[in-house]
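Below are some notes for a colleague who is opening this structure for the first time. Please read them with the sequence and the model side by side.

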Amino acid sequence: MHATMRRMLRLSFAAGVVLAGCQQETAGGKAPIDHETKVLNGLRTPVVVKGRTLPTWSLADRMAFYKLPGVSIAIVDSGRIVWARGFGVKVVGGNDSVTAETLFEAGSISKPVAQTAMLRLVEQGKLSLDEPVNTYLKSWKLPDNKFTVKEKVTLRRIASHNAGLTVHGFPGYSTTDSIPTVPEVLDGKKPRVNTPAVRVDTFPGAIWRYSGGGTTIMQLILMDVTGKPFPALLKELVLDPAGMTHSTYEQPIPAARIPETSGAHHADGTLVPGRWHVYPEMAAAGLWTTPTDLLNWAMEIAADRTGKSNKLLSKEMATQMLTVQKSPTGLGPFLEGSGRGFRFGHGGADEGFYADLLYFPETGQGAAVMINGDSGPPILGEIMQSIGAAYGWPDYGPKAIVAIEMDSTAFDKFVGVYKMEKPMPLEADVTREGTTFFIEVPGREKKTEIVPTGPTAFAIVKGGSPFEFKVGKDGLVTEVVVGGGNLHLPRVK
């Protein structure tokens, strides 16, 4: 990172905007605890290898390490936002600082917010969670096939990612591209569309498999049923009632609002041409927002679930939304933990943007973090771990993984290049340096250490993500399986 960027980061840290005091007295009324300082200086990995010391870093140092221009953080404690700040700059080499009001693309966090609108229409009697989606589609129909003869694609299955639909995610379009319509996206119309057609390729309800394609079908249903443009509909049904005052689903974002936005950056720290990508798949990836707005949505869903509010959903519907439909998802959010440690949230990734949202409804705690660079996804987990430690999140903290001993010759059979094209292009390079093993995703993730946890099982030290190598009858490694078995990367080298 350039010296000027480092200086700007330091200045931003010194001059950040604090929305509310973060010093709180201890139970004994002694010296105040500076939670903010703890957060900004206590970044740590979500896992620790048993027997190793857990390292900690400052946010400024980790931003420099990842060549990450900007970060925005908002934190909730005791059911209220206690502070929100921006760090760094909107565009690499620029002077415009990230603030708590700077807009970032939220990626897939767009989904649960959009699914809230769908659930509101269900409560209004305009939709049903369990009717076939073709009941509501007017401008396009989902083709039936052998998989849909008995089991149907429904909104419940779409929201909980078990509708049997294809297309994991969307890369978006350059600002100079001709932007396709939603029906064109769903049919994968070439050359305007850069993703395959969204189709059913397994029995609806059979398996959990993430599908942004399904959420895009839901987007079209909402537009067909109401006759309204999607951004206007979401503003009416969700953004305004939830107090998401800065947010919009407009794609592309209006020119007048560009000064409010952060730019998107590649893994090497350079600005994405055109500043960012455009997503006609608005429900799946098109929300422009801030961490504060995301927490306003989460707090409202939590309040609806207890019956203390009903600005978005009834108590019954909010409870359904936060109840597992097909593990690990409810009707939109990812769910984890139990009791006081129960939490819901979602992560997001668009070209040059990453984000994470987590909320504990039983304790009124949570956080949202947004960044403007492809180089920095691990920092999201590191920041969340720091916040959890500073604020005492229940049943949350680095998970210990136990590494087994494996000599270098045994590991050599795993060294190689693994690559897939569907449901999305992905490459993983596995290497060895002495007795230390690494994995790298070119253009996305830097080389990072992995440790063996079983004869063919490994975990990424940086985040704890497990993966497993498959071995053929001849003893040769044939592929690596990641994402809980959803992604299979055949060995190509």
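1. The largest nonpolar core has 86 residues, and those with the most contacts inside it are Met118, Leu127, Leu165, Ile217, Leu222, Tyr249 and Trp297. Such a core is a set of buried Ala, Val, Leu, Ile, Met, Phe, Trp, Tyr and Cys residues joined through side-chain atoms within 4.5 Å, where buried means under 20% relative accessible area with a 1.4 Å probe and protein chains only. A second, separate core is made up of 27 residues, including Leu68, Val71, Ile73 and Tyr391.

2. This is a predicted model, in which local features need pLDDT of at least 70 and side-chain atom pairs count only at pLDDT 80 or more, while totals for chains, interfaces and linings use all residues. Residues are numbered from 1 along each chain as its sequence is written, and side-chain values use heavy atoms, with hydrogens and water left out.

3. Leaving aside residues up to four places away in sequence, Leu165 touches Leu142, Val153, Ile158, Val198, Arg199, Val200, Arg209, Ser211, Gly214 and Ile217, a contact being heavy atoms within 4.5 Å.

4. Strand E11 (residues 365-371) has seven of its seven residues buried; strands are DSSP runs of at least two residues, numbered from the N terminus. Gln365, Ala367, Val369 and Ile371 point one way from E11, whereas Gly366, Ala368 and Met370 point the other way.

5. E11 runs antiparallel to strand E4 (residues 70-77), to which six bridges join it, and Ala367 of E11 is the bridge partner of Ile75. Strand E10 (residues 353-360) is also antiparallel to E11, with seven bridges, and here Tyr359 has Gly366 as its bridge partner; strands count as paired if DSSP finds at least two bridges between them.

Conventions: Buried < 20%, exposed > 50% of the residue type's maximum accessible area, 1.4 Å probe, protein only. Helix = DSSP H or I, 4+ residues; strand = E, 2+ residues; numbered from the N terminus.
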